[in-house]
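Subject: Structure handover

Hello,

Please find the structure below. Some notes on it follow.

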Amino acid sequence: MNSCKAFQEQIQNFLDDGKSLTPELNDHLAECATCRNFYNTFHGMNAKCKNELNKKTKNIQKFVFENIGKKENKVIEFKKASVSYARATAAAVIVVAVMSGSTMLLKFNDVGDYDPFIIAENKQFVEEVFNISCLIDIDSESSVEVANEWFQDIGLVEEILGDFELN
Amino acid sequence: MLSDIKLIEQFNNGDNKAFEKLIKLYDQDVNRMLYVMLNGNSDDINDVKQNVLISLFSSLKKFRGDSSFKTYLYRFVKNKAIDYIRRNSMENSKLLSIFYIKNQYVESPEKKFIEEEANDEFYRHLFRLKEYNKMIIFFKDIEGKSIDEISSIVNRKPGTVKSDLHRARKKFHKILSEAGYEFM
């Protein structure tokens with residue numbers, strides 16, 4: 001004779017696959033309150049619960065497309081801000097470069113015992129810094145582009161500029 | 001009515017309205033699922049729903065049509081909900097959920113109160129199950145999905161889903177029985 005455990009497995013198979021209840025299971029359900037309760041719990045659940053859930057979630061109809069719009073705008077604003085930061089970084093680098101270049105130039109003038117190769121290299125760097133500083137207008141996109149090209153040419157601050165893109 | 005695939009095509013061609021139409025088709029399905037997975041907490045539901053929509057908006061291009069869009073959407077919502085639950089340690093949410101249930105009927109008429117209290121009691125018991133168990137009971141016994149469909153959503157073999165489901169039902173029935181709850 002089957003135990004309640006076995007009958008409940010049969011009930012589950014019925015619920016899963018829609019197989020018909022066997023006469024033996026029907027007889028058992030008539031006698032056993034626990035198995036009947038098990039059967040009733042899951043058998044009626046679909047229609048009743050779905051209906052109840054629809055009622056419960058009716059107020060969650062407020063859709064959030066407008067929020068998607070807002071978030072998309074935020075992303076765009078962030079991207080714009082990133083470009084501004086990149087420009088500011090470029091400007092800052094130029095300022096630092098100009099200042100350090102000036103310092104180096106003064107040093108070259110004052111001190112004569114540097115390695116000639118290093119001096120030559122640094123002189124070129126300093127000259128470039130001064131050249132580029134004359135071209136820079138921080139608010140102008142073309143100047144940023146010039147600065148960007150220059151930074152790439154001399155292999156400087158690539159890491160800082162990263163994937164800096166011009167609009 | 002346009003098919004899901006057609007709407008996805010239109011969206012991928014730049015028609016954002018098609019996305020709205022597509023999502024609205026499954027709005028209630030998503031709501032029901034999130035209600036069960038997030039223990040009926042409306043703040044959590046709205047948070048996850050927003051995450052789902054925003055992520056889906058940018059990743060729908062990746063949909064290859066290997067399954068139906070509805071299955072894809074369920075899988076997407078499931079992943080977002082589970083991420084959210086993990087991130088936010090649902091203990092707080094469970095407390096909020098009980099608070100929410102206890103407070104939302106303060107002004108309801110007595111009859112409605114009793115009726116809804118009983119339904120809420122049922123869901124409160126359902127919420128006591130672990131996320132996975134809750135989810136498979138939701139899909140099979142509330143949504144009426146087939147074992148194969150659930151298997152595709154939860155990414156487990158049908159045989160495994162079936163035995164998981166049997167165990168989950170027994171656990172749920174035990175919880176209900178201990179609480180003296182009878183499903184009429």
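How many residues of chain B are in contact with chain A? The count is 29 residues of chain B, in contact with 26 residues of chain A; two residues are in contact if their C-beta atoms, placed from the backbone, lie within 7 Å. On the side of chain B that touches chain A, at least two residues each come from α3, α4 (42-59), α8 (131-142) and α10 (158-178) of chain B. The most come from α4(B), which gives seven residues. By type, the residues of that side are ten nonpolar, ten polar and nine charged. Here Ala, Val, Leu, Ile, Met, Phe, Trp, Tyr, Cys and Pro count as nonpolar, Asp, Glu, Lys and Arg as charged, and the others, Gly among them, as polar. Helices are DSSP runs (H or I, at least four residues), numbered from the N terminus.

This is a predicted model, in which local features need pLDDT of at least 70 and side-chain atom pairs count only at pLDDT 80 or more, while totals for chains, interfaces and linings use all residues. Residues are numbered from 1 along each chain as its sequence is written, and chains are lettered from A and ligands numbered from 1 in the order in which they are written.

Helix α3 of chain B (residues 27-37) is largely enclosed by the rest of the structure, because eight of its eleven residues are buried. A residue is buried if 20 or more other C-beta atoms lie within 10 Å of its own, and exposed if 12 or fewer do. The buried residues of α3(B) include B:M33, B:L34 and B:Y35. B:Y35 counts as buried because it has 23 C-beta neighbours inside 10 Å. Leaving aside neighbours within four places in sequence, B:Y35 is in contact with A:L53, A:K56, A:T57, B:G40 and B:I45.

B:M33 and B:L34, with B:V77 and B:I136, touch the most other members of the largest nonpolar core, which has 49 residues. Such a core is a set of buried Ala, Val, Leu, Ile, Met, Phe, Trp, Tyr and Cys residues joined through C-beta atoms within 7 Å. Beyond four places in sequence, B:V77 is in contact with B:V30, B:M33, B:L34 and B:V52.

In α10(B), the buried residues are B:V161, B:K162, B:L165, B:A168, B:R169, B:F172 and B:L176. They cover an arc of only 130° around the axis, so they are on the same side of α10(B); the arc is that of the directions from the helix axis to the C-beta atoms. B:G159, B:T160, B:S163, B:K174 and B:E178 are exposed on the other side.

Regards
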